[in-house]
Amino acid sequence: MTARGLRDLYVTVFLNLQTREAIVTEATYRPNSAWVCRQTKKFTEETRDREKRPAILIHDRDT
């Protein structure tokens, strides 16, 4: 809820299907391809030092 009323807020969620761990990225009111690229880069940086790093990334084709 904002002073202007209800607004849509977008996040990217990376879900580990084996552990059900959810990694949620920063939110935005106006998602674009540059924002998606930044979130993906942050995800890879966050998971880089893990013993079991992600090997497969599946995404939908939502515009």
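**Entry 1: lining of the largest pocket**

I began with the lining of the largest pocket in this predicted model, and I found that its largest share, 6 residues, comes from α1. Looking at which elements each supply at least two residues of that lining, I noted β1, spanning 13–15, and α1, spanning 33–47. In total I have 31 residues lining the largest pocket, and those nearest its centre are Val13, Phe14, Leu15, Leu57 and Ile58. For the volume of the largest pocket I wrote down about 1,300 Å³.

**Entry 2: Thr25**

I then turned to Thr25, which I located in the loop between β2 (22–24) and α1. Is Thr25 buried or exposed? I put Thr25 down as buried, because its relative accessibility is 13% and the cut-off for buried is under 20%. Leaving aside residues up to four places away in sequence, I listed Val11, Thr12, Phe14, Trp35 and Gln39 as the residues that Thr25 touches. With Gln39 I also found a polar contact, made from side chain to side chain at 3.4 Å.

**Entry 3: salt bridges**

How many salt bridges does the structure hold? I counted 2 salt bridges, and I looked up each pair in turn.

One of them joins Arg50 to Glu21, with the closest N and O atoms 2.8 Å apart. I noted that this pair links distant parts of the chain, since Arg50 sits in the segment after α1 while Glu21 sits in the loop between β1 and β2, 29 residues apart. On accessibility, I recorded Arg50 as partly exposed, with a relative accessible area of 30%, and Glu21 likewise as partly exposed, with a relative accessible area of 30%.

The other pair is Glu26 and Lys42, whose side chains meet in a salt bridge at 2.6 Å, N to O. Here too I noted a link between distant parts of the chain, as Glu26 belongs to the loop between β2 and α1 and Lys42 to helix α1, with the two 16 residues apart. Glu26 counts as partly exposed because its relative accessibility is 48%, which lies between the limits of under 20% for buried and over 50% for exposed.

**Entry 4: the loop between β2 and α1**

Reading back, I marked this loop as holding Thr25 and also Glu26. From here the side chain of Thr25 makes its polar contact with Gln39, and Glu26 forms its salt bridge with Lys42.

Terms used:
Residues numbered from 1 in each chain as written. Predicted model: local features only at pLDDT ≥ 70, side-chain atom pairs only at ≥ 80, totals over all residues. Heavy atoms only, no water. 1 Å grid on protein atoms, 1.4 Å probe; cavity = no way out; pocket = protein on both sides within 12 Å on 5 of 7 lines; lining within 4 Å. Points joined across faces, edges and corners; volume = space filled by probe spheres on them. Helix = DSSP H or I, 4+ residues; strand = E, 2+ residues; numbered from the N terminus. Buried < 20%, exposed > 50% of the residue type's maximum accessible area, 1.4 Å probe, protein only. Polar contact = N/O pair within 3.5 Å; in protein donor to acceptor, adjacent residues only side chain to side chain. Contact = heavy atoms within 4.5 Å. Salt bridge = Lys/Arg side-chain N within 4 Å of Asp/Glu carboxyl O.
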